[in-house]
Amino acid sequence: MLLHHRLLPRLLLLPSTHTCTSTLLRPSRLPRRLSLSPRFSALSHLAAPETVDQSDNEGATHEDVQVKLPLDRLFVPPGATVDAGNQEAVSARVLKGSNIVLGPYARGDAQVVNADFVKSSVRPDDCPRDGLPEFALVGRSNVGKSSLLNSLVRRKRLALTSKKPGKTQCINHFKVNDSWYLVDLPGYGYASAPQEARTNWDEFTRNYFLSRENLVSVFLLIDASIPAKKIDLDYASWLGQNKVPMTLVFTKCDKRRKKKNGGRRPEENVETFQSLIREYFEAAPPWIMTSSVINQGRDEILLHMSQLRNYWLKH
C-alpha cells in the first residue's frame with residue numbers, strides 16, 4: 001500500500017523529460033487536506049541524470065559530498081517551480097546536504113532571535129492552544145534530538161541533554177521568535193525504560209501527531225552513523241500511512257566508522273535508508289543531513305521550516 005505524503009502539493013508538477021543532480025544538501029507542513037498528486041509517480045521513467053556539480057570536487061569532505069539526484073527525488077515545496085531545462089539554476093536552489101528545493105516562501109524570518117521553554121505536557125490536550133505553527137522533533141533514544149534542538153536555537157542547554165537515553169518523557173514546547181514552536185517529543189526504542197512508560201510515551205506521542213491541527217511537520221531523526229534500523233523504518237512507515245507530514249533529518253553525519261570494523265560512511269547509510277522506504281512513498285520525502293557537533297545543516301533546516309511555516313500561515 002502506497003503511503004501518501006502530505007508535504008507534497010497537489011498541483012505542482014515537474015517536467016518529465018529531464019533530471020538534475022545535486023550535492024548532498026541540508027534541509028513544512030501544508031494543510032492536512034493536501035495530498036500527493038498521482039502524476040508525481042510518473043516521474044519514474046525519467047532518463048539518467050546529468051551531473052550538476054555544486055561542490056569543489058578536489059576539496060570535497062563529509063560536509064559537501066557530491067551525490068546525483070534526479071528530479072523525482074527532489075522535494076519541491078509549494079509555490080515553487082522547477083525548470084528542468086535549466087539544471088544549473090535548479091541545483092543552485094537545492095539546500096546543501098538535502099533534497100529540498102528552496103522556494104518563494106523561505107524568507108528572512110528563518111533565523112532564531114529568541115527561544116524559550118514554555119511547558120511540558122503529558123497529554124496532547126494539555127499542549128499550548130494559541131494556534132501557533134509548530135515543528136515536532138522525534139527519533140530513537142540517543143539519536144541526538146536535544147542536541148539538534150539546542151543547535152537550532154544556539155543555546156547549549158535550552159533542551160536538556162543526557163548521556164542516559166530516554167530522558168525526554170513529556171511533550172516539551174519551546175517558543176521561537178514569539179511566533180512558532182519547536183516541540184521535543186519522547187524518544188522511542190529505549191529498551192531500558194519500563195514497558196508501561198514506553199507504552200504511555202508511544203500512545204500520547206502518536207495521539208499528538210493525529211490530533212494536533214497546528215503541527216506543520218514532524219522531523220524524524222535518523223542516526224546516519226549506523227545502518228538503518230527497523231524501528232526507524234517502521235516509524236517512517238507509520239507517519240506515511242497516517243498522512244502525517246514528515247521530514248527526515250539524518251544526524252551524526254560528522255561521524256566516520258572504520259571500514260575494518262564493518263562501518264559505512266554516513267552518506268551510504270542515508271542512501272540505504274531512503275532506498276528502503278522509497279517503495280512506500282509515491283514521491284521522495286524531504287530529507288537533510290546534519291551534525292550538531294559542527295552545526296552542519298542548521299541554517300538549512302531553519303530555511304526549510306521557514307518556507308513550510310509561511311505557506312502554512314498563508315493557507
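The following is a chat about the predicted model shown above.

Visitor: What should I know before looking at it, and how are residues numbered?
Guide: Residues count from 1 along each chain as its sequence is written, and side-chain values use heavy atoms, with hydrogens and water left out. The model is predicted, so local features need pLDDT of at least 70 and side-chain atom pairs count only at pLDDT 80 or more, while totals for chains, interfaces and linings use all residues.

Visitor: How many helices and strands are there?
Guide: The chain has 6 helices and 9 strands. These are DSSP runs numbered from the N terminus: H or I, at least four residues, for helices, and E, at least two, for strands.

Visitor: How much of the chain is buried?
Guide: Of the 315 residues, 55% count as buried. Buried means under 20% relative accessible area, exposed means over 50%, and partly exposed is in between, using a 1.4 Å probe and protein chains only.

Visitor: What about the accessible surface?
Guide: The accessible surface comes to about 14,000 Å², and 49% of that belongs to carbon and sulfur atoms. Areas come from the Shrake-Rupley method with a 1.4 Å probe; for residues, only the protein chains shown count as cover.

Visitor: On to the sheet. In what order do the strands sit?
Guide: An open sheet of 7 strands has the order S3-S5-S6-S4-S7-S8-S9, with mixed pairing. Strands pair if DSSP finds at least two bridges between them.

Visitor: Which are the edge strands?
Guide: S3 and S9 (287-289) are the edge strands, each pairing on one side only. From one strand to the next, the twist averages 25°.

Visitor: What does S8 pair with?
Guide: S7 (residues 215-223) and S8 (residues 246-251) pair in the parallel sense over 6 bridges. S8 also runs parallel to S9, joined by 3 bridges.

Visitor: Which helices lie across the strands?
Guide: Among them is H4 (residues 230-241), which lies across S4, S7 and S8 and runs at about 165° to S7. H2 (residues 145-153) lies across S3, S4, S5, S6, S7 and S8, at about 155° to S6. Axes are lines fitted to C-alpha atoms, for helices over the stretch in contact, and angles run from 0 to 180 degrees between N-to-C directions. Contact means heavy atoms within 4.5 Å.

Visitor: What do S7, H4 and S8 make?
Guide: They make a right-handed β-α-β unit. Right-handed means that, with the strands pointing away from the viewer, the path from the first strand over the helix to the second runs clockwise.

Visitor: Where is Asn177, and is it buried or exposed?
Guide: Asn177 is in the loop between S5 and S6 and is buried, at 18% relative accessible area. Asp178 is in the loop between S5 and S6, but is exposed at 54%.

Visitor: What does the side chain of Ser98 reach?
Guide: It reaches the backbone oxygen of Leu95 at 2.8 Å, and a polar atom of the Ser98 side chain lies 3.0 Å from the backbone nitrogen of Ile100. A polar contact is a pair of N or O atoms within 3.5 Å; within protein, one must be able to donate a hydrogen and the other to accept it, and residues adjacent in sequence count only if both atoms are side-chain atoms. Ser98 counts as buried, at 0% relative accessibility.

Visitor: And which residues does Leu302 contact?
Guide: Leaving aside neighbours within four places in sequence, Leu302 is in contact with Ala110, Gln111, Val112, Leu152 and Trp180. Leu302 and Val112 are 190 residues apart in sequence and 8.2 Å apart in space, C-alpha to C-alpha.
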